[in-house]
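I opened this model to look up what surrounds the ligand. My entries follow.

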Amino acid sequence: MQTIRGFRDILPKHIPLWQKVEKEATCLFEAFGFKEIRIPILEKTELFARSIGEVTDIVEKEMYTFPDRKGDKLTLRPEATASIVRSYIQHKMYATDPVRKFFMIGPMFRRERPQKGRYRQFYQIDAEIFGVESAYIDSQLIYLLNELFKRLGLSGLSAHINSLGCPKCRPSFQKALLDFLESKKSRLCDNCTRRMDKNPLRILDCKVLDCKEAIADAPATLDCLCKECEDHFNTVKATLEKQGVDFIVDKSLVRGLDYYTRTAWEIQTTTLGAQSAVAGGGRYDGLVKELGGPQTPAIGFAIGFDRLVEVMEQIDKAPEEKPLDLFIVSLGDTAMEKGYLWSCKLNQAGIRTEMDFRGKSMKALMKRANKLNTQYVLIAGENELTENTIILRNMNTKEQVSLSLETLIPELIKILKK
Ligand code: ATP
Ligand code: MG
C-alpha cells in the first residue's frame, strides 16, 4: 500500500525542523497577542464557494468535495480563513469583543498537480486579526512574518506588497480592466476568456505564459485607488520603512482568492523554483459581512509550512537528535524485571532511558547502547543484584561509579538530570 498521490508522510527525521518552526511561531504569536483556534478539517462546500469565490482556481478545480451519506456537499478545507470567519460569526465573538487575533497550524487540501513544494495535503501556519481597520495592523502582520523568518535564520526572502482597493474604487478599476482585456481577448487562454464576464480580476492571476504576456500592461489596482485606500497603503509602506522591513511594491500581485481588499502581500523566495511563495496574506474587510456577520474589517496571512521547511533544509540541517541519557543493560530474568521497573521510573522523571527486552548478550547490548548514542550505561547482572551495588558507566569519560541499590533511583536522577 502506498500514500495517495500528493499526500506524504513526514518522517521522524524531518520532524525536528517542523517542531522548531512551530515553537518559534507559537512563541511569537503569543507575544503579539494571538490566541490559538482549532477549526474542523471538513466544512460545508458553500462556505468556501462563497468566501474564496466560485470563479477561482481553488473552487473550480482544486477542492476535495464529496456528498456525505445524506447528500450534503462537504469539502476538505483548502485554507483556514473562511472557517475562522465562520467561527467568529457562529460564536458571535464580535458581540463581546470585535477585536480578536487568532492563529492555527494544520493541514489543508487542494487537488493540484503534485511537485516539489506543492502537495495535495499541505500544512499552513495561519494568523487572522478581526476588528481593526488601521494600517498599522497590516504593517504589524508583515513585520511579524519578517521577524519569524529572521528568527528561523532565513534570508533571501522578499515581501511583495500591493493594494487591491475597496468596493469604492473597484468599479472604476474593473471598467479600466475590462476595456483593456477586450483589446487582448484573442490572446487569452480559454479559461481567461470564460472568466472575462464572471471574474475579470482572476485573469491577472493566470499562470499561462501567453496570458501573462498579453496582460503585462494591464491597468493596476494601485493606479485606481480611492483617497482612503491610498492613504491606508501609504501608512503601511511608511511604517514598514520605519521598522526596517524590506518590501517591493508589486502592482501585479492580486492573490488567488476573491475576498481580498486593500493590502495584499506575498513573501517570496528565489530558492524553490516555481513554488516561490512561502507565505501570502491580505486584508478582507468585506468577508465577515458577506458570510452573515456584522461589517468587520479583518486581515490575515498563511505560511506554507512545507515550503518553509524546504527552504530551511537548504541552509540548515535538522537540529541534532538529543543523545539518550541512559541505557540499562539487563542480564537475566531478575535483572530484566528490575531494569524495566527502574526505566519506567526514570522515564517518568523525565530521563530518556531505554533498555532491550530481547534477552541479548552483554556484547550485543553494549553494541546497542553505542548505537543509541547513550551518555550512560547501567549494568545490571545477577552478581550486581546480589551484591546490592550496581555500576553506572559514563560512555564519554569511561568513568564508572558504584551505586547502592537502595538509593539507586534518586542517585541516578541526581546524576542524569545535570
Ligand atoms: P501558489 O501561488 O504557490 O499556488 P497560493 O496563492 O495558491 O500559492 P495561498 O492560498 O496564498 O497559496 O496559501 C498560502 C501559502 O500556502 C502559499 O504561499 C504557499 O506557500 C502555501 N501553499 C499553497 N498551496 C500549496 C500546496 N499545494 N502545497 C504546498 N504549499 C502550498
Ligand atoms: Mg495555488
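Predicted model: local features only at pLDDT ≥ 70, side-chain atom pairs only at ≥ 80, totals over all residues.

β6 (121-130), β10 (277-283) and β11 (298-304) each supply at least two residues of its shell. Strands here are DSSP runs (E, at least two residues), numbered from the N terminus. I noted that β10 gives the most, with three residues.

Next I checked the shell itself. 14 residues surround ligand 1, each with a heavy atom within 4 Å of it. The closest are Arg110, Glu112, Tyr119, Arg255 and Ala277. I sorted the shell by type: six nonpolar, three polar and five charged. Tyr and Ala count as nonpolar, Glu and Arg as charged, Gly as polar.

Then I went through polar contacts (N or O pairs within 3.5 Å). The side chain of Glu112 has an N or O atom 2.6 Å from a nitrogen of ligand 1. Oxygen atoms of ligand 1 lie 2.8 Å from a side-chain N or O of Arg255 and 3.0 Å from one of Gln124. I also looked up burial: alone, ligand 1 exposes 580 Å², and the protein buries 91% of that. Areas are Shrake-Rupley values with a 1.4 Å probe.

Last, I looked at the domains, whose bounds come from an automatic or database assignment. Domain 1 covers 15-169 + 225-314, and domain 2 covers 324-416. Their C-alpha centres lie 50 Å apart.

For my records, residues are numbered from 1 along each chain as its sequence is written, and chains are lettered from A and ligands numbered from 1 in the order written. Local features need pLDDT of at least 70, side-chain atom pairs count only at pLDDT 80 or more, totals for chains, interfaces and linings use all residues, and side-chain values use heavy atoms, without hydrogens and water.

Technical notes:
Polar contact = N/O pair within 3.5 Å; in protein donor to acceptor, adjacent residues only side chain to side chain. Helix = DSSP H or I, 4+ residues; strand = E, 2+ residues; numbered from the N terminus.
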